[in-house]
Amino acid sequence: MLVLALESSCDETAAAIVRGEPGEPADILASEVASQAEIHRQYGGVVPEVASRNHSLHLRPLVEQATRRAGVGLRDVDLFAATSGPGLASSLLIGATAAKALAVAAGRPFLAINHLEGHLFSPFVDRGRIPPHLALIVSGGHTLLLDVAGASDYRKLGTTRDDAAGEAFDKVAKMLGLPYPGGPEIEKTAAGGRPDAFDFPRSMLRDPGLDFSFSGLKTAVLYTLTDRNPEDGTPLPDDLPDLCASFQQAVIDVLVAKSLRAAKRAGRDTLALSGGVSLNRALREAFAGACRDAGLELLTADPSLCGDNAAMIAFAALLRAHRGHRSALDADIHPNLPLVP
Ligand code: KG4
Ligand code: ZN
C-alpha cells in the first residue's frame, strides 16, 4: 500500500510518501520538510497566522517534490492521510484540507491521523510491527508516558501537569536570551557547561505517580538569574553554559527516572523514545546508560523522524489502514485532540 501523508500541525510543513505491508518494515520513498523555524525566530515563538500562511505556500511544492523524489504519480497513491490534531487550528486545516482534496481528485480514501500517534510509532517505522513496550513522547507540546500493548492498544500512564519538556526548553532558552526553538540552543550551549553547577529541582521525583511538572524548574532558573545578577536578571555570560547544562540535566533526570519506573510498573522490557526533545544527545545517552543498567532494550526514532515530519504520519496511517480504518471527507480537525481520552 502506498500512502501520501501531510503534516502541518505547527511550524513544519511536511509531505511524505511511504510504502508498507502489514507487519513489514515500511519504506520511506520521500519525506520532505519545510521548516518555518527561521521565520518564527524573529517573533520568539510560533505565530499561528504566519504559520498557516506559510503552510499554504509550501504545501504544493512539497507534494510535487515528494512525488518526484519517490518516482510515483498521485494516481499510484492508495491512501491520502493528514494530521488532524492536536495542533494549531489554522495550520491543521491547511494539511487536512489539501489531503482531502487530493483524495477526491485521485478517487482514493482519506485518513485523519493523530499527530501524537505519529510520534508514538516513529521508532518502529523500520520494523513495521509494534511490539509491547513502554513509550515516552517528549515534544514541544507533550510529555507522555504510555503503556503500549500493540498498534491499537495503548494507555496513558503519566503526563505533564503544566509545561511539556520541549516547552520548558523553549521557555528557559527565552529567559536566557537564546533564540527559538530553544532545545537545540540549550543543548549546544550546555556542551561547555557543568551539569552539577546549579542545583535545580527534580520536580515530582519523590511523588510515587508517573506525572511530570516542569514549571517549578523554570521558576528556579528565573530565581537563579536574579540571584546571580540582581541588577536586571540577565544571565552572566560566564554562567550560560553551566545554566544550560544544569537545566538540561534536571529535565533528563526526571524523564529517565519516571520512564524506568513506568516500565517496571507496566512490566515492559522495551522502552521507546520519540518526539523533538528525543533529538537531545545528552538525553539519549542518559537513557542508553539507564536502560543498559536496568536490562531494558532502548529504541529511539531515527533523528529524521524525531522532529515533526510526515513520514511518521504516513506510517501511523499505514498501521490504521491495514486494520481497515478510513475517515469521512467531512472529518473535522481537532486542535486539542487527546491521544488517549
Ligand atoms: O516533536 P516536535 O518537533 O514538535 C512538537 O510536536 O511539538 O518537538 C519540538 C520541540 C521543541 O520544544 C524543541 O525545542 C525541542 O523539541 N527540541 C529539543 C531539541 N531539538 C528539538 N529539545 C532538546 N534538545 C534538542 N536537541
Ligand atoms: Zn510533534
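Trainee: Which strands does helix H9 lie across?

Mentor: Helix H9 (residues 281-294) lies across strand E6 (133-138), strand E9 (270-274) and E10, running at about 160° to E10. Helices (H or I, at least four residues) and strands (E, at least two) are DSSP runs numbered from the N terminus. Contact means heavy atoms within 4.5 Å; angles, from 0 to 180 degrees, are taken between N-to-C directions of axes fitted to C-alpha atoms, for helices over the stretch in contact.

Trainee: What kind of model is this?

Mentor: This is a predicted model, in which local features need pLDDT of at least 70 and side-chain atom pairs count only at pLDDT 80 or more, while totals for chains, interfaces and linings use all residues. Residues are numbered from 1 along each chain as its sequence is written, chains are lettered from A and ligands numbered from 1 in the order written, and side-chain values use heavy atoms, without hydrogens and water.

Trainee: And what is the strand order in the sheet?

Mentor: The open sheet of five strands is ordered E8-E7-E6-E9-E10, with mixed pairing; two strands pair if DSSP finds at least two bridges between them. Strands E8 (153-159) and E10 (297-300) are the edges, each pairing on one side only.

Trainee: In what sense do E7 and E8 pair?

Mentor: E7 (residues 143-150) and E8 pair in the antiparallel sense over six bridges. Leucine 144 stands opposite threonine 159 in E8.

Trainee: Back to the helices: how do the axes of H8 and H9 cross?

Mentor: The axes of H8 (residues 240-266) and H9 come within 10 Å and cross at roughly 35°. Residues of H8, including Ile252 and Leu255, meet residues of H9, among them Ala286 and Phe287.
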